Amino acid sequence: MADTRIILAYRRGDGIVATARGERYKAAHQALAASGFRRGDDWVHHLPSTHQDISRTTVADLIRHARTRGVEVTTSSRRFLGDTVQDIAGLLPGRWNARVELYSHPVWQGDLVPWLWDGGELAHAVQHEPIPYAATLSDAVSGATLLLVERPGRRLGYLVGALAPESFEGGHGDQHAPHSIVLPPFADRAALMIMERYLPAYERAVHARRLAAVTEALDRIRAEHDIWTTTATSGRYSEATSTDSAALGKAAETFLNRARAEFLGVMQHAPALLDRYRPPATGWPEDARILTRLADTLIDAESVDEDTSLTRLERNARLWPAINTWLTHSEPFLRQARAAAPRRQHPRLAAAPPLRALPQGRHAPRR
């Protein structure tokens, strides 16, 4: 069997379309061109409008040209993935943008791995199974980007998972990642499963991942602060050698540099968590005042971090009051985070409302 193939499928408005997969995908493109197919802007090949009703002669011609180039021609058991994802996007709450990406060369699908945020079958499929193409579903409001592929080894059905939000700096191997689910080959049922099963699980995973990022950053800052405090008060390093004022000053600068670097993660993830908090609905309504103070410190810290007139040492020193406030009041923040965690939802037959917005901070990396 040839290691490069042409896959034929049916697409609304175009009739038969073709995609190529394999290390010799360029040879497949040559065979398609020789038999009358034209490549569109999306790199999907189709017949000109006058040939939408593809004939047996055209197919036989394609097979002949492909065979001479060592390329196999196969027919998909599913309709073109672009039609499916467009139908699903139209049924989901909010405004979702659908897009198909081709992985003509086998190594190209590997570009997905660092950003794949999944703890289920989809992650295994992307890493170990041939994926000729995939579809993304992106919601600008929530920041969610879902990945949908044809389920490998099956004639019908799909897998849907997610790519990591931009602020997570990748998702491969993340223990908080949601698990992909299997979707049926019907757009209405697939959309319903995404609304009622996958998106609630995704939202819970985002909340847990953000909370873990803030908690871990504060823990690292606290550990560094404990070391610095011990050094400053004792006048000695851990190896019991005496310290002079210059050495202490250098140690303070090092500590503040590390604290600022960690606190950027708090600035990135905490605002979205604070936006969910509703202290009056919890057993600690008095936390509202503290949470307001924490939110204000983030605004102050952002303005300090953006002040280009400050030296690095000045910027770090002026950030310390905000960092110290978060260390002092981390417990109310954490218990309100646990209270605000999205709950599991019972299946609903009606369409779900749009997801809440998850604000992205300034420090999010851009793919």
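## R64 and its partner

R64 is partly exposed, at 46% relative accessibility (that label covers the range between buried, under 20% relative accessible area, and exposed, over 50%, using a 1.4 Å probe and protein chains only). Its side chain meets that of D61 in a salt bridge, 2.4 Å from N to O (a side-chain nitrogen of Lys or Arg within 4 Å of a carboxyl oxygen of Asp or Glu). Both sit in helix α2 (residues 56-68), and because they are 3 residues apart there, about one helical turn separates them. Helices (H or I, at least four residues) and strands (E, at least two) are DSSP runs, numbered from the N terminus.

This is a predicted model: local features need pLDDT of at least 70 and side-chain atom pairs count only at pLDDT 80 or more, while totals for chains, interfaces and linings use all residues. Residues are numbered from 1 along each chain as its sequence is written, and side-chain values use heavy atoms, with hydrogens and water left out.

## Salt bridges across the chain

The structure holds 16 salt bridges. One of them joins E121 and R151, whose closest N and O atoms are 3.0 Å apart. This pair links distant parts of the chain: E121 is in helix α4 (residues 121-128), and R151 is 30 residues away in the loop between β8 (145-150) and β9 (158-163). E121 is partly exposed at 32% relative accessibility, whereas R151 is buried at 17%.

D174 and R209 form another salt bridge, at 3.1 Å between the closest N and O atoms. Here too, distant parts of the chain are linked: D174 lies in the loop between β9 and β10 (181-183), and R209 lies in helix α5 (residues 187-234), 35 residues apart. D174 is buried at 18% relative accessibility, and R209 is buried at 17%. Then there's a network of salt bridges linking R11, D14 and D42.

## R78, tucked into a loop

R78 sits in the loop between β5 (72-75) and α3 (81-91), and counts as buried with a relative accessible area of 9%. What does its side chain reach? A polar atom of the R78 side chain lies 3.2 Å from the backbone oxygen of R151, and the side chain also reaches the backbone oxygen of L156 at 3.3 Å. Beyond neighbours within four places in sequence, R78 is in contact (heavy atoms within 4.5 Å) with residues including A9, E150, R154 and Y158.

## The whole chain

The chain has 9 helices and 10 strands, and buried residues make up 48% of its 367 residues.

Notes:
Polar contact = N/O pair within 3.5 Å; in protein donor to acceptor, adjacent residues only side chain to side chain.
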